[in-house]
Amino acid sequence: MKKIEAVIKPFKLDEVREALSEVGITGLTVTEVKGFGRQKGHTELYRGAEYVVDFLPKIKIEIVLSDEVVEQAVEAIIKAARTGKIGDGKIFVSPVEQVVRIRTGETGDDAV
């Protein structure tokens with residue numbers, strides 16, 4: 001099993017969710033986060049005063065799935081989240097040692 005963590009632009013969430021649904025992935029966790037990479041933030045003007053926004057709003061999607069569908073999921077995220085501009089985000093894939101469904105006690109792929 002693998003865990004996919006994708007950090008994307010907020011307005012791309014619906015497109016990514018739909019793309020994942022098309023490849024058969026139904027469960028995911030979404031968190032509103034803030035951060036920056038190479039963008040290093042930007043400056044904004046508020047009531048005549050300029051200020052620096054260091055952390056930009058992003059969405060973090062977390063999915064745990066079986067090894068067989070990881071590549072399909074990653075490709076779906078890339079296709080749906082890409083704008084071609086700086087700040088499109090990142091995808092991290094890491095191994096998951098154990099999954100337990102609390103309600104039933106199922107473990108492994110049965111719990112996903």
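Colleague: At roughly what angle do the axes of α1 and α2 cross?
Modeller: In this predicted model, the axes of α1 and α2 come within 8 Å. Helices (H or I, at least four residues) and strands (E, at least two) are DSSP runs, numbered from the N terminus. The axes are lines fitted to C-alpha atoms, for helices over the stretch in contact, and angles run from 0 to 180 degrees between N-to-C directions. On that scale, α1 and α2 cross at roughly 150 degrees.

Colleague: Good to know it's a prediction; what pLDDT do local features need?
Modeller: Residues are numbered from 1 along each chain as its sequence is written, and side-chain values use heavy atoms, with hydrogens and water left out. Since the model is predicted, totals for chains, interfaces and linings use all residues, side-chain atom pairs count only at pLDDT 80 or more, and local features need pLDDT of at least 70.

Colleague: Is the crossing of α1 and α2 left-handed or right-handed?
Modeller: Glu15, Val16, Ala19 and Leu20 in α1 meet Ala73, Ala76, Ile77, Ala80 and Ala81 in α2, where contact means heavy atoms within 4.5 Å. A crossing is left-handed if the near helix is turned anticlockwise from the far one by less than a right angle, and right-handed if clockwise. For α1 and α2, the crossing is right-handed.

Colleague: Which elements do the buried residues of α1 pack against?
Modeller: Val16, Ala19 and Leu20 are buried in α1, that is, under 20% relative accessible area, with exposed being over 50% and partly exposed in between (1.4 Å probe, protein chains only). These residues sit on the same side of α1 because they cover an arc of only 100 degrees around the axis, the arc being that of the directions from the helix axis to the C-beta atoms. Val16, leaving aside neighbours within four places in sequence, is in contact with Ile8, Ile61, Ile77, Ala80 and Ala81. Taken together, the buried residues of α1 pack against β1, β5 and α2.

Colleague: And Ala80, is that residue buried or exposed?
Modeller: Ala80 is found in helix α2, and beyond neighbours within four places in sequence it is in contact with Lys12, Glu15, Val16 and Ala19. Ala80 and Lys12 are 68 residues apart in sequence, yet 7.2 Å apart in space, C-alpha to C-alpha. With a relative accessibility of 8%, Ala80 counts as buried.

Colleague: Now the sheet: in what order do the four strands come?
Modeller: Two strands pair if DSSP finds at least two bridges between them. The edge strands, each pairing on one side only, are β2 (29-35) and β6 (89-95). The sheet is open and its pairing antiparallel, with the order β2-β5-β1-β6.

Colleague: Which residue in β6 is the bridge partner of Ala6?
Modeller: β1 pairs in the antiparallel sense with β5 over seven bridges, and Ala6 stands opposite Ile61 in β5. β1 also pairs with β6 in the antiparallel sense over seven bridges. In β6, the bridge partner of Ala6 is Ile91.

Colleague: How many of the ten residues of β5 are buried?
Modeller: β2 and β5 pair in the antiparallel sense over seven bridges, and α1 lies across β1, β2 and β5, running at about 15 degrees to β5. α2 lies across β1, β5 and β6, at about 5 degrees to β1. β5 is largely enclosed by the rest of the structure, because the buried residues number seven of the ten.

Colleague: What relative accessible area does Val30 have?
Modeller: Val30 lies in strand β2 and touches Leu13, Ile59, Lys60 and Ile61, not counting residues up to four places away in sequence. Val30 and Lys60 are 5.7 Å apart, C-alpha to C-alpha, although 30 residues apart in sequence. Val30 is partly exposed, with a relative accessible area of 37%.
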